[in-house]
Amino acid sequence: MDSDKKEITIAEAQELVDHWIKTVGVRYFNELTNMTILMEEVGELARIMSRTYGEQSFKESDKGKDLGDEMADVLWVLICLANQTGVDLTEALKRNFEKKNIRDNTRHKDNKKLQ
């Protein structure tokens with residue numbers, strides 16, 4: 001599969017990450033290690049968000065960080081966790097949309113705070 005394609009489906013992303021892990025990365029870190037890495041990556045994303053959109057100023061070490069790259073790091077580790085726990089993210093996302101469409105059908109429309 002060519003990772004330079006313009007678009008990558010979720011299923012293709014899961015395959016690409018799995019292939020990379022097994023050929024370049026040697027093996028997956030265990031699930032608990034990857035969960036911790038996910039939290040680290042979310043923290044790095046939060047740091048850039050708080051400095052870009054919040055009140056905090058950038059430190060010299062924060063400059064040059066790319067928001068998209070930080071988001072991709074989060075997605076990468078999430079895909080690793082899905083792969084190693086047998087989760088099909090395409091199906092999981094479809095089910096999640098169905099759940100939200102039933103549960104939240106009028107919830108946000110009726111929320112006076114969002115008017």
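Partly exposed describes a residue whose relative accessible area lies between the buried range, under 20%, and the exposed range, over 50%. Lys94, with a relative accessible area of 45%, is therefore partly exposed. The views below show a predicted model.

View 1. The side chains of Lys94 and Glu91 meet in a salt bridge, with 3.4 Å from N to O. Because these two residues stand 3 places apart in helix α4, about one helical turn separates Lys94 from Glu91. An α-helix has 3.6 residues a turn, so residues three or four places apart point the same way. The N-terminal end of α4 is capped by Asp88, a side-chain oxygen of which lies 3.0 Å from the backbone nitrogen of Thr90. The helix itself, residues 89-103, spans 20 Å from its first C-alpha to its last, close to the 21 Å expected.

**View 2. The aromatic pair between helices α1 and α3.** Across the whole structure, 1 aromatic pair is found. The pair is formed by Trp20 and Trp76 in an edge-to-face arrangement, with 5.4 Å from centre to centre and 85° between the planes. Since Trp20 belongs to helix α1 (residues 10-23) and Trp76 to helix α3 (residues 67-85), the pair ties together parts that are 56 residues apart in sequence. Trp20 is partly exposed, with a relative accessible area of 38%, and Trp76 is also partly exposed, at 33%.

View 3. Ile79 has its place in helix α3 and is buried, with a relative accessible area of 6%. Although Ile79 and Ala13 are 66 residues apart along the chain, their C-alpha atoms are separated by 7.7 Å.

View 4. Among the 7 salt bridges counted is that of Asp62 with Arg47, whose closest N and O atoms are 2.6 Å apart. Asp62 sits in the loop between α2 (31-52) and α3, while Arg47 is part of helix α2, so the pair ties together parts that are 15 residues apart in sequence. Asp62 is buried, at a relative accessible area of 3%, whereas Arg47 is partly exposed, at 31%. Arg47, Arg51 and Asp62 are linked in a network of salt bridges.

View 5. Ile10, Leu93 and Phe97 make a nonpolar surface patch of about 260 Å². Of these residues, Ile10 is found in helix α1 and counts as partly exposed, at 33% relative accessibility.

Methods: Residues numbered from 1 in each chain as written. Predicted model: local features only at pLDDT ≥ 70, side-chain atom pairs only at ≥ 80, totals over all residues. Heavy atoms only, no water. Phe/Tyr/Trp six-rings, centres within 6.5 Å; stacked < 30°, edge-to-face > 60°. Helix = DSSP H or I, 4+ residues; strand = E, 2+ residues; numbered from the N terminus. Buried < 20%, exposed > 50% of the residue type's maximum accessible area, 1.4 Å probe, protein only. Patch = residues over 30% accessible without salt bridge, like charges linked within 9 Å, V, L, I, M, F, W, Y side chains within 5 Å. Areas by Shrake-Rupley, 256 points an atom, 1.4 Å probe, with all protein chains shown as cover. Salt bridge = Lys/Arg side-chain N within 4 Å of Asp/Glu carboxyl O. Expected span 1.5 Å × (residues − 1). Polar contact = N/O pair within 3.5 Å; in protein donor to acceptor, adjacent residues only side chain to side chain.
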